[in-house]
Amino acid sequence: MPPRKKRPNEFMESILRQWYGKDQGEAEMLRYTPETRPISDPLDNVMKKLVPPWEWKILQIQENWQEIAGADNARRCRPAFLNNGIFYIEVSHPAYRIALETPTIKKQLLERIQAVTGPELCQSLKFIAGGRSLPRK
């Protein structure tokens with residue numbers, strides 16, 4: 001059986017345990033260990049480089065749609081696409097579309113979307129019948 005390879009920090013851990021004692025040595029080791037980061041952080045950085053900025057913002061809206069639109073609205077509508085400054089939202093039922101067209105609700109939704117995209121990318125909203133865009137995978 002080949003000898004076991006030591007982890008990179010294992011040597012440092014043994015020195016700190018000898019120097020400070022077992023409990024204090026482990027605490028000292030934690031001070032020198034980098035904090036864990038979610039894997040989504042570096043993946044987001046890579047995606048930002050690969051995907052055009054406007055498309056990245058649309059992806060962010062789609063991923064966070066429930067927080068942007070609210071739970072009830074998110075069940076009945078979904079972001080579809082962006083074209084010439086107009087953000088299209090598919091609505092499942094015509095009666096709900098009328099409810100979303102009220103000025104206060106439409107304004108709130110537009111402001112939340114513009115918080116992600118910026119006002120220059122999304123100037124207005126348009127509600128369309130469901131099924132007009134390709135289904136999400």
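The model is predicted. The protein chain contains 8 helices and 3 strands, and 28% of its 137 residues count as buried. Its mean pLDDT is 83.

**Overall architecture**

- Along the sequence, the elements of the protein chain follow the order α-α-α-α-α-α-β-β-α-α-β.
- Among contacts in the protein chain with a separation of 6 or more, 52% are accounted for by residues 24 or more positions apart.

**Confidence**

- A pLDDT of at least 70 is reached by 90% of the residues in the protein chain.
- Confidence is highest in strand β2 (residues 86–91), with a mean of 94.
- Helix α2 (residues 22–32) has the lowest confidence, with a mean of 74.

**Packing of helices α4 and α8**

- Two packed helices are described by the angle and the distance between their axes.
- For helix α4 (residues 53–63) and helix α8 (residues 103–117), the axes come within 9 Å and cross at roughly 135 degrees.
- Angles over 145 degrees count as roughly antiparallel and those from 65 to 115 as roughly perpendicular; α4 and α8 are therefore oblique to each other.
- The crossing of α4 and α8 is right-handed.
- Helix α4 contributes Lys 57, Gln 60 and Ile 61 to the contact, while α8 contributes Ile 113, Val 116 and Thr 117.
- By class, the contact of α4 with α8 comprises 3 nonpolar, 2 polar and 1 charged residues.

How values were computed. Residues are numbered from 1 along each chain as its sequence is written. This is a predicted model: local features need pLDDT of at least 70, side-chain atom pairs count only at pLDDT 80 or more; totals for chains, interfaces and linings use all residues. Side-chain values use heavy atoms; hydrogens and water are left out. pLDDT is the predictor's confidence in each residue, from 0 to 100. Helices (H or I, at least four residues) and strands (E, at least two) are DSSP runs, numbered from the N terminus. Axes are lines fitted to C-alpha atoms, for helices over the stretch in contact, and angles run from 0 to 180 degrees between N-to-C directions. Angles under 35 degrees count as roughly parallel, over 145 as roughly antiparallel, 65 to 115 as roughly perpendicular and the rest as oblique. A crossing is left-handed if the near helix is turned anticlockwise from the far one by less than a right angle, and right-handed if clockwise. Contact means heavy atoms within 4.5 Å. Ala, Val, Leu, Ile, Met, Phe, Trp, Tyr, Cys and Pro count as nonpolar, Asp, Glu, Lys and Arg as charged, and the others, Gly among them, as polar. Buried means under 20% relative accessible area, exposed over 50%, partly exposed in between (1.4 Å probe, protein chains only).
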